[in-house]
Number of protein chains: 2
Amino acid sequence: MTTSTRRGPGRPSLTERRKEDTRTEVSRVAARLFTDRGYDATTVEDIAAASGMALRTFYRYFRAKEETIAPLLAAGTRDWVDRLADADASLGLVDALLTSYRASVRHARTPDGLDEDQLRALLRLVGGHSALRAVWLNVYRDTEDSLRPAIAARVGASPDDLDVQLAAGTVNTAVRIAMERWAAGESSVRSADEAVGRALRAVATGGLLAA
Amino acid sequence: MTTSTRRGPGRPSLTERRKEDTRTEVSRVAARLFTDRGYDATTVEDIAAASGMALRTFYRYFRAKEETIAPLLAAGTRDWVDRLADADASLGLVDALLTSYRASVRHARTPDGLDEDQLRALLRLVGGHSALRAVWLNVYRDTEDSLRPAIAARVGASPDDLDVQLAAGTVNTAVRIAMERWAAGESSVRSADEAVGRALRAVATGGLLAA
DNA sequence: TGTCAAACATACATGTCATGCCAATAATTC
DNA sequence: GAATTATTGGCATGACATGTATGTTTGACA
């Protein structure tokens with residue numbers, strides 16, 4: 001799952017790599033079709049045809065039609081979690097989260113991402129459709145679990161610790177909310193990473209709950 | 001949506017009430033079938049037949065097969081949010097959240113809920129199936145939005161305020177995590193409300209993020 | 001280089017899901 | 001009690017998703 005560009009004697013075999021590449025490729029094709037024609041107006045056969053594969057082959061790469069966009073949605077946070085695990089051990093949790101997030105925005109390790117306009121268009125589509133919204137939430141739910149080991153290691157606790165799990169959930173939710181606000185925003189005055197940064201700093205200080 | 005038992009000159013017309021009752025009825029029937037035979041082994045026709053309605057009628061009440069369990073999953077938190085809005089204005093946010101939650105556990109206003117064993121069985125089923133998991137996450141995403149007005153009113157801010165939204169998201173996530181941990185737990189030593197109470201108090205004090 | 005095995009892609013068939021459309025029945029109003 | 005409206009049900013249909021069987025590529029090894 002954690003297929004990043006680096007990795008020395010990495011585990012992901014070459015065939016795994018190719019499979020992952022195909023997934024992101026199809027993901028981009030599908031996102032394009034969805035934003036162009038609409039989600040319901042796009043059949044799986046359309047996606048398969050546009051990706052140059054048979055219907056049955058499509059289902060080897062994705063469990064369901066909605067899942068096609070998952071790789072695109074996950075691309076951003078995945079890199080973030082990777083960097084968090086590698087971040088300077090001397091940093092506090094909040095600083096490490098902020099630093100690694102900023103770094104992942106500046107120079108993403110994976111070329112999977114979309115530019116901001118495409119991502120915004122996709123997120124607006126996601127917000128409007130039930131099945132896609134479910135995938136969006138699922139991606140963040142998975143991120144929550146990915147965050148736990150990284151946070152646990154940093155604070156010297158178990159990933160199964162309630163506090164670790166809550167911290168992962170809180171931070172993760174903050175990022176999701178920031179992204180949703182950014183996507184829903186009228187004008188594109190603020191960039192996505194600025195919105196996320198603000199939200200992270202806010203939860204770090206406790207916000208309304210501390211008052 | 002907020003069909004509670006009380007309400008003076010309530011908006012929900014009688015026909016709306018009946019519709020809601022039918023939904024919870026079908027919901028219980030479906031949950032029973034799911035936990036008995038398994039989700040995939042249960043067809044929509046099975047659910048419709050067991051509910052005494054035609055297939056076509058079923059789809060007038062639910063958009064999709066998975067959605068059948070949504071009313072059951074939402075029953076708990078809905079009552080909580082209702083009580084939060086009514087809670088003593090002198091209480092601080094955290095205290096109000098805790099008090100209203102405890103109250104909703106003790107004497108639920110709606111008889112929609114399942115007993116703890118049934119709920120636990122359902123949640124374990126939910127965790128194991130992708131489509132059901134999506135509904136679970138969706139229910140909590142909706143709760144997040146329901147919490148916002150109640151929190152906003154209490155702190156004297158707008159529901160669209162970032163801090164309000166983050167507080168709603170954090171609290172909501174804490175409840176979800178607590179429920180998931182409770183459902184996944186080996187023995188039933190702790191009750192669900194105790195788990196939720198612990199999580200709420202933890203996020204109220206800032207937890208790891210405050211350190 | 002030729003042969004084999006394993007992994008992968010495609011075709012076909014099938015069952016379920018979900019919805020549009022129209023008829024029948026029940027509820028409501030006058 | 002007749003007319004109007006809402007709700008339900010049956011039927012047909014297209015799309016989704018998967019099991020199975022059949023090619024087709026790939027790569028190892030003699």
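**Figure 1. Surface of the predicted model near DNA strand D.** In this predicted model, α3(B) provides the largest share of the surface near DNA strand D, namely 3 residues. A total of 14 residues surround DNA strand D, and the closest are A:T43, A:A64, A:K65, B:A54 and B:T57. Two or more residues of this surface come from each of α2 (44-50) and α3 of chain A and from α3 of chain B. Classified by residue type, the surface near DNA strand D has 5 nonpolar, 3 polar and 6 charged residues.

**Figure 2. Surface near DNA strand C.** DNA strand C is surrounded by 14 residues, of which A:A54, A:T57, B:T43, B:A64 and B:K65 are the closest. At least two residues of the surface near DNA strand C are supplied by each of α3 (55-61) of chain A and, in chain B, α2 (44-50) and α3 (55-61). The largest share belongs to α3(A), with 3 residues. The division by class is 5 nonpolar, 3 polar and 6 charged residues.

**Figure 3. Contact between chain A and chain B.** In the interface, 29 residues of chain A are in contact with 29 residues of chain B. On the side of chain A that touches chain B, at least two residues are supplied by each of α5 (93-106), α7 (130-155), α8 (162-184), α9 and α10 (207-210). With 11 residues, α8(A) gives the most to this side. The residues of the side of chain A that touches chain B comprise 18 nonpolar, 7 polar and 4 charged.

**Figure 4. Crossing of α9(A) and α8(B).** Two packed helices are described by the angle between their axes and the distance between the axes. Here, the axes of α9 (residues 192-204) of chain A and α8 (residues 162-184) of chain B cross at roughly 65 degrees and come within 10 Å. The crossing in which α9(A) passes α8(B) is right-handed. From α9(A), the contact is made by A:R198, A:A199, A:A202 and A:V203, and from α8(B) by B:L162, B:D163, B:L166 and B:T170. By class, the contact of these helices has 5 nonpolar, 1 polar and 2 charged residues.

**Figure 5. Helix α7 of chain B and the residue that follows.** Helix α7(B), residues 130-155, has 26 residues. The distance from its first C-alpha to its last is 37 Å, close to the 38 Å expected at 1.5 Å a residue. At B:L147, α7(B) bends by about 25 degrees, and the proline B:P149 follows within four residues. Just after α7(B), B:G156 adopts a positive phi of about 70 degrees.

Key. Residues numbered from 1 in each chain as written. Chains lettered and ligands numbered in written order. Predicted model: local features only at pLDDT ≥ 70, side-chain atom pairs only at ≥ 80, totals over all residues. Expected span 1.5 Å × (residues − 1). Bend = angle between axes of the 7 residues up to and from the residue. Near = placed C-beta within 6 Å. Nonpolar A, V, L, I, M, F, W, Y, C, P; charged D, E, K, R; others polar. Axes fitted to C-alpha atoms, helices over the stretch in contact; angles between N-to-C directions. Left-handed = near helix turned anticlockwise from the far one by under 90°. Contact = placed C-beta atoms within 7 Å.
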